[in-house]
Amino acid sequence: MLTTRATAIAVTCMLVTTATSATHAADDPDISKGSCDLVSFCVGVNVPGKGGDHNGGEDKKGTESSSGNKKAVQDCHVRRMDPQPPPGSEYYRDGKAVYEQVCVTDGQDGLIDIQFVGADPGQGPPAVDPAVVAQQVVDKMRLKGPDIASPRAAGRYTVGVPLWMWVNQSATTYGPNTASASAGGVTVTATAKVSKIVWQMGDGSTVTCAGPGTPYKGSSAMVESPTCGHRYSATSADAPGGRYSVTATSTWTIDWQGGGQSGQLEEIRQSDMQVTVGELQVVR
């Protein structure tokens, strides 16, 4: 049990998911690189003697912290629990190897952070799945729905007149968007770009466009858009609020590679707006 090696004292502690200042033995996982799959709990302990007496001969690094005018030196290291917690122990986790991060301040008050590693005892830390890291890359990209340039909410459109539809292009609304992420020694790089935009026009029609659309030029007159357009056949007078609700849905295609693997992901984002469609009035 943990209490056989240190006497517990009452402290307030926070769970620590990484240990950037800690060192580790060659066969132990590097917590600072994300090797732990679960942080269970931490307990404050009073460690007698110097911090070096309890690190099993490992090298350790010190960090300085101050409280008032007094400066305290904190040493941290990572060690494998020996013996491993037996079945039935509150620390036992279905055969996973258990490691602990120990931080000792001035050789006295310490913090033991118990961390469970997803590997069979003696097999080392678990391999990191590059596909999981790829999803982390996508999360960093902050992909958004289409930045609709046309139709405009403030615009007024006419039955039977060609409507040109297009979107503004940026890294977060259309792409390309490239980013990387690392975990457990695996680095994955991914590039995302919108592969299509599906427009639901509010009148029951759906238009699928393979690209961002073509900006309208005044000289185009009544010509259809060469890439992405629509013609309304009825006014929006009977629609809620007298407007059609338009939804543009982007499909982001993300190609990634790293850790000796590659793959492709898809993400869906959408944007909404409303347009007014009237009839052309002829004055006699």
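Tutor: In this predicted model, C209 and C228 form a disulfide, with sulfur atoms 2.0 Å apart.

Student: Why is the pair C209 and C228 called a disulfide?

Tutor: The cut-off is a pair of cysteine sulfur atoms within 2.5 Å. The sulfur atoms of C209 and C228 are 2.0 Å apart. Therefore the pair counts as a disulfide. By this rule the count comes to one disulfide.

Student: What makes C209 and C228 a link between distant parts of the chain?

Tutor: They are 19 residues apart. C209 is in strand 13, residues 206-209. C228 is in the loop between strand 13 and strand 14, the latter being 229-230.

Student: Which hand does the link of C209 and C228 have?

Tutor: It is right-handed, with 75° about the S-S bond.

Student: Are C209 and C228 buried or exposed?

Tutor: C209 is buried, and so is C228. Buried means under 20% relative accessible area.

Student: Now the largest pocket. What is its volume?

Tutor: About 230 Å³. The lining has 15 residues, and the closest to the pocket's centre are Y157, V161, P162, L163 and W164.

Student: Which strands each supply at least two residues of that lining?

Tutor: Strand 7 (147-150), strand 8 (156-158) and strand 9 (163-164). Strand 8 gives the largest share, three residues.

Student: How do the residues of the lining divide into nonpolar, polar and charged?

Tutor: Eleven are nonpolar, two are polar and two are charged.

Terms used: Residues numbered from 1 in each chain as written. Predicted model: local features only at pLDDT ≥ 70, side-chain atom pairs only at ≥ 80, totals over all residues. Heavy atoms only, no water. 1 Å grid on protein atoms, 1.4 Å probe; cavity = no way out; pocket = protein on both sides within 12 Å on 5 of 7 lines; lining within 4 Å. Points joined across faces, edges and corners; volume = space filled by probe spheres on them. Helix = DSSP H or I, 4+ residues; strand = E, 2+ residues; numbered from the N terminus. Nonpolar A, V, L, I, M, F, W, Y, C, P; charged D, E, K, R; others polar. Buried < 20%, exposed > 50% of the residue type's maximum accessible area, 1.4 Å probe, protein only.
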